[in-house]
Amino acid sequence: MGNHSLIKQINKLLILKTILDKGVISRAKISRLVDLNKATVSNLTDELIKEGYVIEKGYGKSKGGRRPVLLQVNKDVGSIIGIDLGVDYIHIILSNFIGEIIFEEYVNLKIKEDNEKFLNIFFDLIQKAIDKAPETPKGILGIGIGVPGIVEKESGVVLVAPNLKWSNVPLKDIVQQRFNLPVYIDNEANAGALGEKWFGEWGKVTDLIYLSVGIGLGAGIIIDNKLFRGAAGFAGEVGHTTINFQDDVCSCGNIGCLENFASERALLSVIKKLVKEGAEDRYISCENIDEITPSQIIQAAKDGSRVCRMAVLEVAEKMGIGVANLVNIFNPEIVIIGNKASFFGDLFLEKLREVVNQRSFIAQFYNLKIEVSKLKDRAVVLGCIAMVISDMLSFPEYT
């Protein structure tokens with residue numbers, strides 16, 4: 001794609017995103033907001049209208065001349081499937097073109113589920129979403145999938161997903177051949193960052209970090225409104241940064257990785273360590289320690305369990321160290337805590353903020369925000385919707 005064509009595609013998506021953000025807007029106002037001349041905006045919006053992605057929606061108020069024609073994204077042009085492919089769950093949605101959810105299902109899985117069974121559940125969920133899709137002019141526009149691992153984005157090959165025990169899995173080809181639909185794949189933390197930028201409360205923030213905390217830990221990093229990928233496209237593997245030289249081996253094969261200390265898996269490990277050392281209360285004991293789940297630990301901490309509070313505070317402290325390092329390197333305006341950790345509660349968040357403010361050298365010099373995702377566990381699936389919209393139109397990411 002030549003430079004002129006590339007710039008045109010970037011501007012076209014920028015206009016589409018602006019209309020999406022504003023709901024209803026005139027060409028003149030788009031021109032002012034995106035800093036493009038009126039002729040360029042008019043030509044590109046006309047293309048979007050011809051392609052079916054934008055519709056004219058009545059007239060605005062006149063300021064002395066002709067009443068401006070108002071534009072709106074055509075939410076019914078087609079449907080999109082978004083999938084958050086977790087280590088112990090699959091979360092799938094079917095949405096319209098503006099991210100309004102038509103169908104949603106969340107399935108819990110056993111960790112290290114048999115691959116054949118895993119794929120059967122995965123395929124069944126996709127087929128269910130396809131069956132729920134309404135009649136639209138363009139049908140199902142694509143399937144976006146967020147994967148907890150290193151993804152070669154163009155080929156859609158999952159090079160490695162340590163917690164899934166996957167290596168060189170051609171997931172894009174597998175799903176495309178099965179369903180005969182366009183498929184777009186990315187790391188799930190990158191998808192989460194896109195979800196926050198497109199559909200969350202942080203659309204106007206130019207520099208943000210989305211921290212996806214589940215069984216593992218990853219970061220989606222947006223710098224100057226663009227997703228930061230690094231030289232090979234693998235940036236953001238914060239869970240596999242080393243913070244301890246004497247620790248056990250991580251799922252990735254290294255020693256002392258951050259996600260060993262700051263993840264759902266770490267929360268379970270801390271609880272087991274505390275009970276082994278003799279810490280018990282009416283919520284946690286030797287009898288129930290092998291069956292307890294992270295969500296039960298969080299709830300018990302909220303209900304007053306001393307042991308669970310200790311565990312939550314310890315994980316928050318370790319995560320705070322990792323976040324402080326990210327803040328020192330990238331200087332974001334906001335760090336958004338997402339995925340399962342978005343349910344960890346105020347105790348966790350307050351401790352995390354305290355540690356980051358203590359440990360980050362630069363946090364003392366500006367108003368850093370650390371917030372829990374308002375999209376909760378939907379950030380990734382909605383980010384997969386944004387991924388399809390941008391990628392299917394052959395646009396580079398312009399988040």
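**View 1. Helix α7 supplies the largest share of the lining of the largest pocket, namely five residues.** Helices (H or I, at least four residues) and strands (E, at least two) are DSSP runs numbered from the N terminus. The model is predicted, so that local features need pLDDT of at least 70 and side-chain atom pairs count only at pLDDT 80 or more, whereas totals for chains, interfaces and linings use all residues. Residues are numbered from 1 along each chain as its sequence is written, and side-chain values use heavy atoms, with hydrogens and water left out.

**View 2. The largest pocket holds about 770 Å³ of space.** A pocket is an open set of points on a 1 Å grid over the protein atoms alone, where a 1.4 Å probe fits, with protein on both sides within 12 Å along at least five of seven lines, and lining residues have an atom within 4 Å of a point; the volume is the space filled by probe spheres set on the points, which are joined across faces, edges and corners. Of the 30 lining residues, D88, I111, I215, L268 and P294 are the closest to the pocket centre. Because domain 2 (79-195) and domain 3 (202-373) both give residues to the lining, the largest pocket lies between them, the domain bounds coming from an automatic or database domain assignment.

**View 3. The axes of helix α7 (residues 264-276) and helix α8 (residues 294-303) come within 9 Å and cross at roughly 65°.** Axes are lines fitted to C-alpha atoms, for helices over the stretch in contact, and angles run from 0 to 180 degrees between N-to-C directions. E264, L267, L268 and I271 of α7 meet P294, I297 and I298 of α8, contact meaning heavy atoms within 4.5 Å.
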